[in-house]
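Here is a short briefing for a first look.

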Amino acid sequence: MADFDCIVIGGGPGGLAAAYGLHERGLKVAVVEKDLWGGTCPNRGCDPKKILMAAVESQGRSEALQGHGLTGVPQIDWSSLMATKRAYTEKIPTGTQGGLQSAGIANYHGEASFEADGGHLTVGNTQLSATNFIIATGQAPRIPNITGQEWLRTSNDFLDLDTLPADITLMGAGYVGIELAAIANAAGSQVHLIHHSDRPLRGFDGELVTALLKRLMVDGIDVQLDTDITAVTPADDQYQVTTASGKTWTTGLVFATAGRLPVTAGLHLERVNVTTTAHGIQVNDHLQTTNPRVFALGDVVDRPQPKLTPVAGFEGRYLTQTLAKKDQPAITYPVIPAVVYGKTQLAQLGVTPATATQQPETYAVSDLDLTSWYSYRRIQDADARIKVVTERSTQRIVGATMLSSEAEQLINYLDFVIQNQLTPTDIDQAILAYPTLASDLTYFG
């Protein structure tokens, strides 16, 4: 039986950050992965999605500049775009495992299962023991319980389609649904984006979410809110979709994009007294579960912070310190940016406009139409808008929500401003390249 100081269950970004960090500090570490080495993000998530999105964003910029210096909008070649994506993703599993092997970190491929004694783990026919365990198994797409659920595809399938159907339906207008809708629409598909309530993306500012949905509809996406799909049935080589109101249509493929579920099945956490909820594994402020020898990080954890790859990596680095040294302080998260990608991006960071409005004595909100600002006018960004939250006592920026083709860039600049508690005077003291998005920071305070 192999014995370790720590066994990490899950070979994604968060688990790997912890594994490498602990190994560098002299601990004997093993990593167990039952699926693709590297995890969701580089194989079936953010990285391949952004490769596809690169073509979408370029097409969007070209569309905006028609009549302003450009003629002709480039068309997306799905097969060559997918080939570019696969050239990246196909190397991830072997490269990730090879990195572990080169570093001298033990690695096992198979499904992990805790034994009742609390100190042992079974992976296939192999038994492993450890002083501590880290669960970093992430999430997987949720398949809704409807008639014909066996015909539903997921984002995993979308990101590896050989051919994109002429018509697709997406069940759920969260991050995944909206982003896949933008990709498919740009590539020439008729897209039906269906959401069960009248308010998608509840964590974001309502007005800017509405503006984003209007932009999607202008782009030709069929957005249906307050709509429940109740059945999906085969119709020759396509599928018939039926809603609760009785509306039907025929589509090439139907994708379940309404949320994700924590991957805990098969671990037998009940054997080691680890408490879970429908949202994941419960942890304390040291990422420790109800079993003091078992920790958890990343998307599998039930916590209020956004379930994003950088957050998992941050938690992995935190556990490196916690397990390598005693008496570490509780985890404290920095501000965390969240972005919905597309031709038009929605980004948010820090104190939200909704929170600021509820505390008017503490915060002020500036709602700025940026379409006439030079940085956005030069690229003909017709949707550019930002809500900036400032702290009245210091005039420091403490939050922002933005809609723009440049939102992902500006939100990161504001992340630096907020994290370092820069005042308007501090920003004014910097000389930044002009004209750039960064040089606009002086106008937001």
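Pro-435 lies in the segment after helix H13 (424-428). Helices (H or I, at least four residues) and strands (E, at least two) are DSSP runs, numbered from the N terminus. A cis peptide bond joins Tyr-434 and Pro-435, with omega at about -5°.

This is a predicted model: local features need pLDDT of at least 70, side-chain atom pairs count only at pLDDT 80 or more, and totals for chains, interfaces and linings use all residues. Residues are numbered from 1 along each chain as its sequence is written, and side-chain values use heavy atoms, with hydrogens and water left out.

**Backbone angles**
- His-268 is not a glycine, yet its phi is positive, about 55°.
- His-268 sits in the loop between strand E15 (260-262) and strand E16 (276-277).
- Its relative accessible area is 29%, so His-268 is partly exposed. Buried means under 20%, exposed over 50%, and partly exposed in between (1.4 Å probe, protein chains only).
- Asn-273 lies in the loop between E15 and E16. Its phi is also positive, about 60°, although Asn-273 is not a glycine.
- Asn-273 counts as exposed, at 59% relative accessibility.

**Aromatic pairs**
- Rings of Phe, Tyr and Trp (its six-membered ring) pair if their centres lie within 6.5 Å; planes under 30 degrees apart count as stacked, over 60 as edge-to-face and the rest as tilted.
- By this rule there are nine aromatic pairs.
- Trp-78 and Phe-158 have ring centres 5.9 Å apart and planes at 80°, so they are edge-to-face.
- This pair links distant parts of the chain, 80 residues apart: Trp-78 is in helix H4 (residues 78-89) and Phe-158 in helix H6 (residues 155-158).
- Trp-78 is buried at 8% relative accessible area, and Phe-158 is buried at 0%.
- The rings of Tyr-175 and Phe-204 are also edge-to-face, because their planes meet at 65°, with centres 5.8 Å apart.
- Tyr-175 is partly exposed at 30%, whereas Phe-204 is buried at 6%.
- Ring pairs also link Trp-78, Phe-158 and Phe-255 into a cluster.

**Helix H7**
- H7 has 12 residues and reaches 17 Å from its first C-alpha to its last. That is close to the expected 16 Å, the expected span being 1.5 Å times one less than the number of residues.
- H7 is mostly covered, with 10 of its 12 residues buried. Among them are Ile-178, Glu-179 and Leu-180.
- Gly-188 follows H7 and has a positive phi, near 105°.
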